[in-house]
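Please open the model alongside this dialogue.

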Amino acid sequence: MKATVPRGSIGNGITHEDIDRAADRLAVEQARRTDAQRTLFQRLRPLWLLIGPGILVFIGENDAPSMLSYAATGAKYGIGFFVPFILVTFLAGFVVQEMTVRLGAVTHRGHAELIFDRFGPFWGRFAMVDLVIGYFLTLVTEFIGVRAGLGFFGVPPLIAVGGAMLLVFGVLLSHRYWTWERITLGLAFFNALFVPAALLAHPRWGVIGHALLTWSPLPPGGIFKPDTIMLIMANIGATVTPWMLFFQQSAVVDKGLQARDIKAGRADTMLGTLLAATFGIAALVATAPLLTHGIKADDFQAAQFAQALQPVIGRVGATLFALGIFEAGLLAAMTISTSSAYAFGEVLHMPHSLNQPFWEAWPFYLILLGSAFAAGALVLIPNAPLTYIVLMVNVIAVLAMPPALLFLIILVNDPEIMGSHVNGRWANIGVITVTALLIFAGLAYGIITVFPSLFGG
Amino acid sequence: MMGHSEKEKPGPMVPTSPPAESGHALETGRREAVLSVLEEDQLVSAKARTRFGRKVLSPGTRILLWGLRVYVLLMFVLITIQVLRALQGGAH
């Protein structure tokens, strides 16, 4: 049962972290006060102050391997089944991520910490093993994206990866969650670069509308083919992954959200969902011309997509695409390395807040920067099997998701910690459906891997 | 200490840089200012001292947790097989 701390018993005073968080909360409280005449800006200001974790988690999940999955999908299958499919996967992601907002705002604890507290260290360590594997592999792919995206412009790998690491470090220098969040949000909106790239592909809007309404055309040979299943898994893994659960809940806690902010948190998450879905579909639309031009893109990396697109959508479009991949990798490197540091800080009961300066929370920052450094270094090793890591990381994310969702379902239905904010019936139907579909997708992948001949492989 | 420029309005106290006063009065003032906008269990000191207790897991829940754990382990084996096949096939 949750223990509460009576006001009079607070002992050793207030920390720097508390004061910074209180300052952020004060801005929200003042923005919420209603005056007789408020401008539109003043009415929207509370929402502006409260958004962040939801947008960052979804656009952070539009990372390099995800955008490359969408690009590969567009190049292989064009505009059809996968357009509504991607939208539905993002809506499934919203169902899941909204629960982390409620968990963080009500319990004021991170996801890893709650798992360890409620399930014990045995199950907590299992969760952490999945997370660490997923985190590290995903971080590697982000630096692959950075390297490949800037490779289109002739930037040497060492400078591309080293520069990205410096930027990951640089945004931490303010040691304020608010500043880190606003800088990364600013970076996140460059994910929109895929939209003008898609427009330069001159898509036929009627075809997109038809695809959204009818889920057709289906991939040739149907969806139960090994290649198609792999892309389905990769696209699902591009929207629902374990690190998202941990990141958004920790960010909600670090931001200081409270139960009365849940509605704003939900709006933030939906905004992130819709923006990321739009940008993901844009990446698919941008590369669809490669299919119609008969260009085989099965083994393409980011720079190759951009180079192949150049004669089709022009130098500007190709440049936007390459910059988008670079941004996707850089933003995700920042959010994922921070998420891993949050998780370790929570379970090891070490200071773990972006509101703390380096000297107060050096283990937190060491994990954050160390993980980014190790992942970046791996990318610079000659002949490392980077292509396959990119393709498999989203598949791994899908396969590791069901146990993470089970912990989430149990926690968010726990009245001892959630009080009146437990899941309603429809939320449970939604998340259980998502979990069942992920398990089904994983089983389909397993059967295809073991018996490829059953599906023409 | 505020991270945003705001027109001052009456309301919760603002944590500010301390004038020269006794340490106890300063500490009390800061606590009240912070607690006027934060919930008690949002404080670092409160989180350090309190933990949620262990949840009692039903047999069905344990079976589900173990079942999904076995599922993940099997899937990781399959992924390893897939990766090895691909590497033998010359992926890079």
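Backbone, burial and core

Q: Is A:His202 buried or exposed?
A: A residue is buried if 20 or more other C-beta atoms, placed from the backbone, lie within 10 Å of its own, exposed if 12 or fewer, and partly exposed in between. A:His202 is exposed, because 11 other C-beta atoms lie within 10 Å. This is a predicted model: local features need pLDDT of at least 70, side-chain atom pairs count only at pLDDT 80 or more, and totals for chains, interfaces and linings use all residues. Residues are numbered from 1 along each chain as its sequence is written, while chains are lettered from A and ligands numbered from 1 in the order in which they are written.

Q: What is the phi of A:His202, and where does the residue lie?
A: Most residues other than glycine have a negative phi, and most peptide bonds are trans. A:His202, although not a glycine, has a positive phi of about 50°. A:His202 sits in the loop between α10 (194–200) and α11 of chain A; helices are DSSP runs of H or I with at least four residues, strands are runs of E with at least two, and both are numbered from the N terminus.

Q: Is A:His108 buried or exposed?
A: A:His108 is buried, with 23 other C-beta atoms within 10 Å. A:His108 also has a positive phi, about 55°, without being a glycine, and belongs to the loop between α5 (82–107) and α6 (111–119) of chain A.

Q: Is the peptide bond from A:Ser216 to A:Pro217 cis or trans?
A: That bond, from A:Ser216 to A:Pro217, is cis, with omega near 0°. A:Pro217 occurs in the loop between α11 (205–214) and α12 (226–237) of chain A.

Q: How many residues does the largest nonpolar core have?
A: In soluble globular proteins, nonpolar side chains tend to be buried together. A nonpolar core is a set of buried Ala, Val, Leu, Ile, Met, Phe, Trp, Tyr and Cys residues joined through C-beta atoms within 7 Å. Here the largest has 168 residues, and those with the most contacts inside it include A:Phe143 and A:Leu408. Helix α15 (residues 302–347) of chain A supplies the largest share of this core, 23 residues. With contact defined as C-beta atoms, placed from the backbone, within 7 Å, A:Leu408 touches A:Val96, A:Met99 and A:Leu245, leaving aside neighbours within four places in sequence.

Q: How many helices and strands does chain B have?
A: Chain B has three helices and zero strands. Buried residues make up 14% of its 92 residues.

Conventions. Two residues are in contact if their C-beta atoms, placed from the backbone, lie within 7 Å.
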